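Please keep the sequence and the coordinates at hand while reading.

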Amino acid sequence: MNQISQNEMSGMKLLFVDDEKGFVDTLIRRLERRKIDARAVYSGNDAITFLADNKGMDLVILDVKMPGMDGIETLKEIKKQFPLTEVIMLTGHATVGSAIDGMKLGAFDYLTKPCDLEQLLEKSSAAVVRKWNQEEKIQEARIQEICGRRV
């Protein structure tokens with residue numbers, strides 16, 4: 001299963017990390033109209049802090065090119081501290097190579113700016129399904145481990 005229903009989409013928790021405030025704020029409003037829990041921060045450092053303070057985010061949509069802590073550095077830190085959180089890299093055409101490097105470091109996929117909302121939702125849905133499936137497998141393994149100890 002690569003997609004989730006519209007009803008399940010309303011259960012997704014997305015974090016946008018991009019220094020282009022107007023772009024992100026517009027996307028957030030469009031997603032909120034679809035009942036998707038979308039938040040925004042405007043730097044890599046703020047993303048790490050936000051994720052630490054807000055457990056359970058499913059997906060980070062991360063700009064590659066930002067001042068200070070760039071997208072690749074931020075991705076590395078996210079994968080180190082929050083390994084199950086999926087990341088989609090967001091890039092301008094000139095930095096597609098960086099987005100592909102991000103995929104080698106654990107990003108789920110990438111999108112080019114400006115991105116089509118339907119394509120964003122499709123990739124987000126697939127990333128969240130992967131995260132939810134991984135969490136389910138971990139829970140099943142823990143249950144097996146607990147049940148195995150009782151025998």
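A salt bridge is counted here when a side-chain nitrogen of Lys or Arg lies within 4 Å of a carboxyl oxygen of Asp or Glu, and by this rule the count comes to 11 salt bridges. The model is a predicted one, in which local features need pLDDT of at least 70 and side-chain atom pairs count only at pLDDT 80 or more, while totals for chains, interfaces and linings use all residues. Residues are numbered from 1 along each chain as its sequence is written, and side-chain values use heavy atoms, with hydrogens and water left out.

Helices (H or I, at least four residues) and strands (E, at least two) are DSSP runs, numbered from the N terminus. On that basis the protein chain has six helices and five strands, arranged along the sequence as α-β-α-β-α-β-α-β-α-β-α. The radius of gyration is 16 Å, close to the 15 Å that the globule rule gives for 151 residues, so the protein chain is as compact as a globular protein of that length; the radius is taken over C-alpha atoms, and the rule is 2.2 Å times the number of residues to the power 0.38.

Burial is judged by relative accessible area (buried under 20%, exposed over 50%, partly exposed in between, with a 1.4 Å probe and protein chains only), and 43% of the 151 residues count as buried.

| Pair | Closest N to O distance |
|---|---|
| Glu86 and Arg130 | 3.0 Å |
| Asp109 and Lys123 | 3.2 Å |

Lys80 and Glu77 are three residues apart in helix α4 (residues 71-81), and are therefore separated by about one helical turn; Lys80 is exposed, at 64% relative accessible area. Glu86 and Arg130 form a salt bridge that links distant parts of the chain, with Glu86 in strand β4 (residues 86-91) and Arg130 in helix α6, 44 residues apart. Glu86 counts as buried at 1% relative accessibility, whereas Arg130, at 35%, is partly exposed. In the pair of Asp109 and Lys123, Asp109 belongs to strand β5 and Lys123 to helix α6, 14 residues apart, and both residues are buried. Salt bridges that share partners also join Asp18, Glu20, Asp63 and Lys113 into one network.

Two backbone features remain. Most residues other than glycine have a negative phi, and most peptide bonds are trans. A cis peptide bond, with omega about -10 degrees, joins Lys113 and Pro114, and Pro114 lies in the loop between β5 (109-112) and α6 (117-150). Lys35 has a positive phi, near 65 degrees, and lies in the loop between α2 (21-33) and β2 (37-41), where Lys35 is exposed at 61% relative accessible area.
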